[in-house]
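Here are my notes on the model you sent over. Have it open next to you while you read.

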Amino acid sequence: RDWATLSAWQLVLVQVLWALLLCGWAFGSELTFELPDNAKQCFYEDITIGTKCTLEFQVVTGGHYDVDCRLEDADGTVLYKEMKKQYDSFTFMAAKNGTYKFCFSNEFSTFTHKTVYFDFQVGEDPPLFPNENRVTALTQMESACVSIHEALKSVIDYQTHFRLREAQGRSRAEDLNTRVAFWSIGEAFILLVVSISQVVLLRSFFSDRKTTTTRVGS
């Protein structure tokens with residue numbers, strides 16, 4: 001569509017949507033990483049007092065899809081600790097300034113590595129408009145932008161969860177396919193051994209045996 005045919009408020013709306021798409025990933029930390037067996041991986045985040053934070057994680061692939069998770073504040077106080085969890089979400093309010101640490105451990109596994117996804121949100125999203133918290137009502141265009149902004153955030157969350165579910169389902173399907181393939185190979189080998197054994201056994205029943213005769217002299 002020609003940009004000259006767009007009205008002024010439509011141009012503003014397009015610019016706002018473009019800015020949302022560019023800045024949509026600026027808040028929080030999101031990562032998918034490999035966690036080897038007998039390994040532990042820690043991450044650090046500087047947080048100021050009074051900030052609302054949310055830690056969400058999920059094991060995508062590997063073993064029984066479980067991992068140990070531990071969250072500590074700047075003084076080393078344990079805020080959250082779970083053992084062998086597949087997925088979980090924890091929200092807290094920072095009680096002090098400093099560097100917070102959260103770790104994922106796969107030390108209980110001796111040969112299976114994991115793929116772990118986590119999303120660590122720090123603070124609330126800033127208002128879309130500087131005067132969004134004003135007493136007066138928003139204009140129609142501002143209300144539409146706020147609604148679209150919230151809808152886009154929901155879409156991003158849904159897409160993330162669907163991608164994780166798809167990756168987890170694909171991993172389980174590949175693992176099941178590998179087990180079925182090895183089981184089929186084992187059954188084919190056993191069937192071949194039994195067939196050869198039966199043929200050898202049947203041939204032994206019909207094989208000619210040499211008989212010896214002894215003459216007794218008169």
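**Notes on the model**

1. Start with the largest nonpolar core: it has 23 residues, and F92, F102, F104, F118 and F120 touch the most other members. A nonpolar core here is a set of buried Ala, Val, Leu, Ile, Met, Phe, Trp, Tyr and Cys residues joined through side-chain atoms within 4.5 Å, and buried means under 20% relative accessible area (1.4 Å probe, protein chains only). β1 (29-35), β2, β3 (52-61), β4, β6 (87-93), β7 and β8 (114-122) each supply at least two residues of this core, with β3 giving the most, four. Strands are DSSP runs (E, at least two residues), numbered from the N terminus.

2. Keep in mind that this is a predicted model, where local features need pLDDT of at least 70, side-chain atom pairs count only at pLDDT 80 or more, and totals for chains, interfaces and linings use all residues. Residues are numbered from 1 along each chain as its sequence is written, and side-chain values use heavy atoms, leaving out hydrogens and water.

3. Now the sheet: four strands form an open, antiparallel one in the order β2-β7-β4-β5. Its edge strands, β2 (40-47) and β5 (78-85), each pair on one side only. Pairing takes at least two DSSP bridges between two strands; β4 (residues 67-72) and β7 (residues 98-105) have five. In that region, C69 stands opposite F104 in β7.

4. Where pLDDT is low, the predicted coordinates should not be read in detail. The chain averages 79.

Methods
pLDDT is the predictor's confidence in each residue, from 0 to 100. Buried means under 20% relative accessible area, exposed over 50%, partly exposed in between (1.4 Å probe, protein chains only).
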